[in-house]
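Trainee: Could you walk me through reading a few local features in a model like this one? I'd like the general idea, then the case at hand.

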Amino acid sequence: MKPLPLRIRRFCAFLTGIVFFLSGIFKLLDPTGAGLVMADYYKFFHLGFLEFSSKPVALLLALLETATGAALITGLWRKTTAIVASVFLAFFTLLALILVISNPVMDCGCFGEVIHLTHMQTFIKNLILCALALAAFLPYRDFGSNRRRKYVAFTMVMTGVACFTVYNLLYIPMVDYTDFKPASRLLAAEREHEAAGEDMYEYVLIYEKDGRKREFSLDNIPDSTWTFVESKAVLKSGYRQEVFPELTFTDADGEYMSELAVGRQVMVVSVFDVGKADKGKWEKIAHFMANAQMHGFSPLLVTASYPEEFQKIMENSGLEAQEWKYLYGSAYYADYKSLVSMNRSNGGVTYFDHGYLVRKWSYRNIPDTGRLAGLESGDITETLLSFSTYGNLSFKGFLLYCFAVMLLL
């Protein structure tokens with residue numbers, strides 16, 4: 001079989017590499033979410049006993065996918081990379097076909113939380129990639145030679161990817177694509193407004209540039225050339241279908257207490273895996289809750305457990321009686337999925353104000369006394385904007401760095 005001209009083959013390999021690279025990066029952006037998707041696959045194939053390995057396996061596959069994409073883009077190890085990419089595509093296409101036939105209620109997880117595809121869309125996407133791969137690789141010879149400087153580019157990119165992965169493992173994702181993203185509004189707050197017959201309002205941000213002012217929504221923040229002027233609440237033009245994340249939790253008596261999260265300046269500490277929280281973590285959580293209360297916030301401890309189970313854990317935690325009784329008496333109970341969706345950190349903090357999600361912290365960077373004092377006196381909108389903008393710019397900057405190095409070096 002006569003291969004296509006080398007430039008056409010390289011272009012097809014380049015396109016395939018972009019999809020591989022972005023697919024891996026979007027998974028590495030949210031390691032916990034990738035692990036949850038892998039756990040769903042284990043359950044679908046009746047391999048639930050392997051669930052303990054879901055997160056490491058998901059990360060390993062995402063890293064391999066990212067490295068394969070980077071190698072395809074830079075043109076390194078062309079024959080080996082072609083074989084690896086072909087194996088990946090054959091496996092993913094077969095898996096997509098199985099999902100199309102079975103149609104389970106689960107997400108394919110191809111692009112993490114960033115892009116959601118139906119099973120049929122995933123299958124069609126894989127068929128297109130297979131066509132590109134065949135055009136790029138067949139007959140698996142005469143790939144041409146790579147440029148030596150691309151080894152440097154590949155090393156620089158994968159070093160950045162490693163740092164990016166470690167950051168997202170230690171902290172929360174730079175950009176949140178779940179329903180619990182900044183500026184989202186809890187369903188309980190929406191229900192309160194509907195029950196009270198109140199008008200529906202939304203935040204509008206006013207920016208100025210070159211002497212003219214313009215309104216922007218929270219989802220459409222302008223670049224740094226615009227100057228922030230003020231924020232205001234305006235009546236929505238009409239009923240708009242929105243996704244309102246639901247945070248449902250109960251007290252020890254089983255009474256629903258979800259309305260507590262829609263008050264003013266609420267700090268929700270979520271522990272979705274109480275079995276992995278040691279004495280030091282509980283002490284840090286207790287200290288934070290006391291600190292937050294002292295600064296005028298309403299702290300809530302919400303765990304994915306039952307009152308009896310949590311009481312036993314507290315009794316055996318090694319904490320002083322006063323400390324564990326304080327935590328047990330302050331605890332509320334929710335399901336695992338809601339808590340891990342709201343905050344990817346086990347023991348992380350999520351800040352709500354009147355039902356709006358303002359920002360999040362992982363357990364490792366829980367706000368200290370100084371930061372709580374700044375939050376108490378600061379503007380809610382500015383806090384939300386700084387958190388959202390910093391994460392978005394950091395992620396876009398990282399992607400720009402990767403593609404600039406791979407393409408220009």
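Predicted model: local features only at pLDDT ≥ 70, side-chain atom pairs only at ≥ 80, totals over all residues.

Trainee: Where is the place of S317, and is S317 buried or exposed?

Mentor: S317 is in the loop between α9 and α10. Its relative accessible area is 14%, and buried means under 20%, so S317 counts as buried. Leaving aside neighbours within four places in sequence, S317 is in contact with K279, W282 and W324.

Trainee: Which residues of helix α10 are buried?

Mentor: First the general idea: an α-helix has 3.6 residues a turn, so residues three or four places apart point the same way. Now the case here: in α10 (residues 321-330), the buried residues are W324, L327 and S330. They cover an arc of only 135° around the axis, which puts them on the same side of α10. On the other side, Q322, K325 and G329 are exposed.

Trainee: What covers the buried residues of α10?

Mentor: The cover includes α8 (279-294), β5 (298-303), α9 (307-315) and β6 (331-333).

Trainee: And which residues make the nonpolar surface patch?

Mentor: F45, L47, F49, L94, L97, I98 and I101 make a patch of about 650 Å². Take L47, in the loop between α2 (31-44) and α3 (54-74): L47 is partly exposed, with a relative accessible area of 31%.

Note on methods: Residues numbered from 1 in each chain as written. Heavy atoms only, no water. Buried < 20%, exposed > 50% of the residue type's maximum accessible area, 1.4 Å probe, protein only. Helix = DSSP H or I, 4+ residues; strand = E, 2+ residues; numbered from the N terminus. Arc of directions from axis to C-beta. Contact = heavy atoms within 4.5 Å. Patch = residues over 30% accessible without salt bridge, like charges linked within 9 Å, V, L, I, M, F, W, Y side chains within 5 Å. Areas by Shrake-Rupley, 256 points an atom, 1.4 Å probe, with all protein chains shown as cover. Salt bridge = Lys/Arg side-chain N within 4 Å of Asp/Glu carboxyl O.
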